[in-house]
There are 2 protein chains.
Amino acid sequence: MENKGNFGQAASAPTARERPTLKTIAFMTGLGVTTVSRALKDAPDIGAETKERVRMVARQLGYQPNRAGVRLRTGKTNVIALVLSIDEEIMGFSSQMVFGISEVLSGTPYHIVITPHSHSKDPMQPVRYILDTSSADGVIISRIEPDDPRVRLLTERGMPFATHGRTDAGLTHPFHDFDNEAFAHQAVEKLVKRGRRRIALLQPPSKLTYYAHIRIGFQTGLHDYGAEEVPLRVNTDAPLADIRDIVEVMMRSANAPDGIVCSAGSAAIAVNAGIEAAGKALGRDLDMVSKQSVPILNWIRPEIITAQEDVRQAGREMAKAVIARIDGVEPELLQSISQPTWPNSGR
Amino acid sequence: MENKGNFGQAASAPTARERPTLKTIAFMTGLGVTTVSRALKDAPDIGAETKERVRMVARQLGYQPNRAGVRLRTGKTNVIALVLSIDEEIMGFSSQMVFGISEVLSGTPYHIVITPHSHSKDPMQPVRYILDTSSADGVIISRIEPDDPRVRLLTERGMPFATHGRTDAGLTHPFHDFDNEAFAHQAVEKLVKRGRRRIALLQPPSKLTYYAHIRIGFQTGLHDYGAEEVPLRVNTDAPLADIRDIVEVMMRSANAPDGIVCSAGSAAIAVNAGIEAAGKALGRDLDMVSKQSVPILNWIRPEIITAQEDVRQAGREMAKAVIARIDGVEPELLQSISQPTWPNSGR
DNA sequence: CATTTCTACTGTATCGTTACAGATTGCATT
DNA sequence: AATGCAATCTGTAACGATACAGTAGAAATG
């Protein structure tokens, strides 16, 4: 029963305290390298007892497959690339997303690689790089446009990915999104319930898909609850100083709104500054509703009515979706939308 | 001069639109794979004209070395691991650091991999993982303690790294730090120049190295400018609600300070809330100085006197330091300290 | 002219893993 | 006794790059 004549594969020595490889395990178990490899991935043609033995030795040695070896042989990188826009970031938005993603990845062999880019520059560049160098098994992108060229390219090339935000051009792909339409609609409701009727909207840049969602929610809200819009000609991507100045001018004008809906937490800070600069007070002269991804607005002005977008949860969802997509799950099944929660909106 | 009989190495075909490898270039130039490899790394035993020819073809093909191949053969991962603490993060602290790092890395073959961990759990775990699996060429860590076991381990194992913060136990290693001593000293100065004499300090947790720096700067400041300390029994790591409550109690007491120095931007938000809850006003009843890494405090209360810590710059410095260390530069030469800047402190 | 030296290039083996095509054994079937 | 057939196990080649030990030819040396 003893196997003699083990020349080809497992001939060499275990060489002391080096990192263990399949060869080490093969040597220790007296098996061939191939057998060990197949045993560890629970292949059907390996005996149950052998598998058990191999697993024990592997655990004992603290064996971890060499990523470069696997990657070279199979092409599997065990990497998820997170493409981040470097500009927008003021609050801990992307950190939260990173942490959400890594929570999910921590139980898997996947690592997370950050690929940043300036969204004023070519947003295709990082995606192209990842595709050209096959440097990831999956990709996560944000700031999605209705007919996003990155989504097209990734789909076309068969690269698994998930998006934070939806497209709107007949493209089917995994995504996680916040229900911005519901948010805007409910925001108007909150304001009207507080007796506000003349409402301004600080909206996202119009090229992003959720601009439309915000608009629709806002407008149906105005209609449903009988309010009107006070136009505000600036968007959430503008420099904070610009937002403050424009809001201040608006609030000083005869046409000042008595309610503001704000689509981003960092912008809300600037809006608030504009309001105060105009000598108005939240809760008295007007109310403001804002979305936020980090619970910070309430610390600044408790009067701001906030809807929470759980970005960490978004990270988790997208990580799960990408991995599922890598495992061949259909994109249709990997789409989710999270609802706004209103931690402090006393009815 | 034409080379015939090219059997062993460059025999196989270029196979159409696949990703180019050394073999592709070898085939196209009629050279051996080894020659191409050496030509691309500018080895001295390759002819000048040949090098030029190889480089042209490589550029033409858009050749990028296969990372798995390099890594398997040489052990070089071309990865910098950023170990991030997942808990502390409220503001965009770590995002800024990530972006600073990637700014530097973008001109290099290095990728940045995020390795998060909860600092309530074992902080050695991610470092051990990186060492055991040799999964990076360099490491960046933060939240440094005076005798940090991670620094010891990384040094002992010869893994290049840089820290955000210093140690204080005779360990020599690359670091970038903010001059917290200068900050605290100058903070006291600012307060005293505004006529404040009874000053509280919201300090970092005492196990971190910069606790001592803050304390020393604060205390020499008190001494130099003739002020006294009002004790505050909470640190910047505490939940924001706790900070607010404790500050509120302090501000309502007979012993309330007329100045506060705050060592972290997010905590300052809670401190401000506590002050307001106690019915006090910044600029009237007291002044506050705070460090911040993202320019947000001034939007909240312009009265807060802020010192800017440029975390993005810290990221850049650390990235440069790690790479230099990988390239063999002595640790002594890779240490830097940045000074606080005071964007809004009217003299 | 023979020998050494130098320049410029090349083949082989190897890193750790896995796909693939066998090989060995025992046992049931004819 | 020969054959077929699972059930297990194994060697070889390959992924792409590079360290190393060459080799061929030209030029310099004696």
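Predicted model: local features only at pLDDT ≥ 70, side-chain atom pairs only at ≥ 80, totals over all residues.
Local features need pLDDT of at least 70 and side-chain atom pairs count only at pLDDT 80 or more, while totals for chains, interfaces and linings use all residues. Residues are numbered from 1 along each chain as its sequence is written, chains are lettered from A and ligands numbered from 1 in the order in which they are written, and side-chain values use heavy atoms, with hydrogens and water left out.

Over all chains, the structure holds 44 salt bridges, each defined as a side-chain nitrogen of Lys or Arg within 4 Å of a carboxyl oxygen of Asp or Glu. In chain A, one of them joins A:R38 to A:D45, at 3.2 Å from N to O. A:R38 is partly exposed at 31% relative accessible area, whereas A:D45 is exposed at 51% (buried means under 20%, exposed over 50%, partly exposed in between; 1.4 Å probe, protein chains only). A network of salt bridges links A:E103, A:R312 and A:R316.

In chain B, B:E189 and B:K193 form a salt bridge at 2.7 Å, N to O. Both residues belong to helix α8 (residues 180-193), where a spacing of 4 residues separates them by about one helical turn. Helices (H or I, at least four residues) and strands (E, at least two) are DSSP runs, numbered from the N terminus. B:E189 is buried at 14%, but B:K193 is exposed at 55%. A further salt bridge, at 2.9 Å between the closest N and O atoms, pairs B:R196 with B:D287. This pair links distant parts of the chain, 91 residues apart: B:R196 lies in the loop between α8 and β6, and B:D287 in strand β9.

A:S293, in the loop between β9 and α12 of chain A, is buried at 17%.
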